[in-house]
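User: I have a structure open and have not seen it before. Can you take me through some of its contacts?

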Amino acid sequence: MRMDFNNMEELLKKYWNCETTLEEEKQLREFFAGNNIPDQWKETAAMFRYFDAVKKKSINDLAFDGQVLRNVNATKESKVRRLVYNAMRIAAGLAVVIAATWFIRTEIRSSMPQEVVDTYDDPKMAFEETKKALLIISKSFGTAEAQTRKINMFNEAQEEIQRERDPEL
């Protein structure tokens, strides 16, 4: 009997390496179908018994097809439900953001004095305010232009000094 166990051990090694023939696999199935299995191979025996049990089961085509179709339809329904649920969550979030923006905007407008708000009822007054703003900008441009001239003079002087030091430039 010990020789039989050694032979089975060799066959199992070949089986796990995918090197067994159909006859050797049949020997393994017959061996593990028996009752005298060593403890070290109990899990392997359970696996072989499972394979044999599954192989003996037959599928009733109508019942199987019906079950598959029910599962597919249930999956479709759950996906649609999930999609609707997520769309509702997004819509609710957008509604909260829009409402909050409207309330904040209304509150800011009501708390500011009318002079701060950039709207004028009188077109002449609006024109005068626009002229003032443009004059301020014009003065700023004039100051910036003067500063730019100074920088340009500095750069030209620096380049001239560089040319005197290194005539190749």
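User: How do the side chains of lysine 131 and glutamate 128 meet?
Analyst: The side chains of lysine 131 and glutamate 128 form a salt bridge, at 3.9 Å from N to O. A salt bridge here is a side-chain nitrogen of Lys or Arg within 4 Å of a carboxyl oxygen of Asp or Glu. This is a predicted model, where local features need pLDDT of at least 70, side-chain atom pairs count only at pLDDT 80 or more, and totals for chains, interfaces and linings use all residues. Residues are numbered from 1 along each chain as its sequence is written, and side-chain values use heavy atoms, with hydrogens and water left out.

User: Where do lysine 131 and glutamate 128 lie?
Analyst: Both are in helix α5, residues 123-165, three residues apart, about one turn of the helix. Helices (H or I, at least four residues) are DSSP runs, numbered from the N terminus.

User: How accessible is lysine 131, and what about glutamate 128?
Analyst: Lysine 131 is partly exposed at 38% relative accessible area, and glutamate 128 is partly exposed at 39%. Buried means under 20% relative accessible area, exposed over 50%, and partly exposed in between (1.4 Å probe, protein chains only).

User: How many salt bridges does the structure hold?
Analyst: Four. One of them joins lysine 14 and glutamate 24, with the closest N and O atoms 2.8 Å apart. That pair links distant parts of the chain, as lysine 14 is in helix α1 and glutamate 24 in helix α2, ten residues apart.

User: Is glutamate 24 buried or exposed?
Analyst: Glutamate 24 is buried, with a relative accessible area of 16%. Lysine 14 is partly exposed, at 29%.

User: What else does glutamate 24 contact, leaving aside neighbours within four places in sequence?
Analyst: Besides Lys14, glutamate 24 is in contact with Leu11 and Glu19; contact means heavy atoms within 4.5 Å. A polar atom of the glutamate 24 side chain also lies 2.9 Å from the backbone nitrogen of threonine 21.

User: New topic. Which residues make up the largest nonpolar core?
Analyst: Twelve residues, among them Phe5, Met8, Trp41 and Phe48. A nonpolar core is a set of buried Ala, Val, Leu, Ile, Met, Phe, Trp, Tyr and Cys residues joined through side-chain atoms within 4.5 Å.

User: Which helices supply at least two residues each?
Analyst: α1 (2-16), α2 (22-33) and α3 (42-56) do. The largest share, five residues, comes from α1.

User: And what does phenylalanine 48 touch?
Analyst: Not counting residues up to four places away in sequence, phenylalanine 48 touches Leu12, Tyr15, Leu28, Arg29 and Phe32.

Conventions. A polar contact is a pair of N or O atoms within 3.5 Å; within protein, one must be able to donate a hydrogen and the other to accept it, and residues adjacent in sequence count only if both atoms are side-chain atoms.
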